Amino acid sequence: MAFLRNPKFWLFLLCLYPLARLGYLGLTDGLGVNPIEFITRSLGTWTLTGLLLTLAVTPARRLTGYSNLIRYRRMLGLFAFFYGVLHLLSYLWLDQFFDWSAIVKDLWQRPFITFGMAALLLLLPLALTSTQAAMRRLGRNWRRVHWLIYPAAIAGVLHYGWLVKKDLTQPLIYGGILTVLL
């Protein structure tokens, strides 16, 4: 039961909460009148939240003096990527039913989709190089690769901002948080 004293265990469970919540809401008919939109938007919101939390680790570490926070950044980043992949899959599968011509059309006609996919593509090298072995192989270049989180987060906020049609409050809050973190 030593794992119960490990903060990473609790962070892992906390990061799974959004997925568990969606599962519970799906089983209890709590996804609303448009469940596909609810799932897709929820996954996107958690992707962006995960990105911002990942970016917040370093400033939080500096402000609090608690240097061990850095140990949780990788897990937060990988969960952000995980939710980003689920967000993309919900769009490709649930929304578009893998209709590739409609997806390509969306990419050209709806800039928010282009920016969302660009953000996820920018996160892919980060996820692939997040292991200790990749860090050793890349050496100093590992840091350069991981700077991609900044344009990915900007693209993610723009994706969200262009998606929303009426009330821009939430995208502006995410944009403000990102501005402070940058």
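Modeller: Let's start with rings: those of Phe, Tyr and Trp (its six-membered ring) pair if their centres lie within 6.5 Å, and planes under 30 degrees apart count as stacked, over 60 as edge-to-face and the rest as tilted. This is a predicted model, where local features need pLDDT of at least 70, side-chain atom pairs count only at pLDDT 80 or more, and totals for chains, interfaces and linings use all residues. Residues are numbered from 1 along each chain as its sequence is written, and side-chain values use heavy atoms, with hydrogens and water left out.

Colleague: OK, so how many aromatic pairs are there?

Modeller: Nine. Take Phe 79 and Phe 82, which sit edge-to-face at 6.0 Å centre to centre, with 90 degrees between the planes. They are three residues apart in helix H3 (residues 73-95), about one helical turn; helices are DSSP runs of H or I, at least four residues, numbered from the N terminus. Phe 82 also pairs edge-to-face with Tyr 83, at 5.1 Å and 65 degrees. Ring pairs join Phe 12, Phe 79, Phe 82 and Tyr 83 into a cluster.

Colleague: Is Phe 79 buried or exposed?

Modeller: Buried means under 20% relative accessible area, exposed over 50%, partly exposed in between (1.4 Å probe, protein chains only). Phe 79 is buried at 9%, and Tyr 83 is buried at 3%, while Phe 82 is partly exposed at 30%.

Colleague: And how many salt bridges are there?

Modeller: A salt bridge needs a side-chain nitrogen of Lys or Arg within 4 Å of a carboxyl oxygen of Asp or Glu. That rule gives two. One joins Asp 106 to Arg 110 at 3.1 Å, N to O; Asp 106 is buried at 9%, and Arg 110 is partly exposed at 31%.

Key: Helix = DSSP H or I, 4+ residues; strand = E, 2+ residues; numbered from the N terminus.
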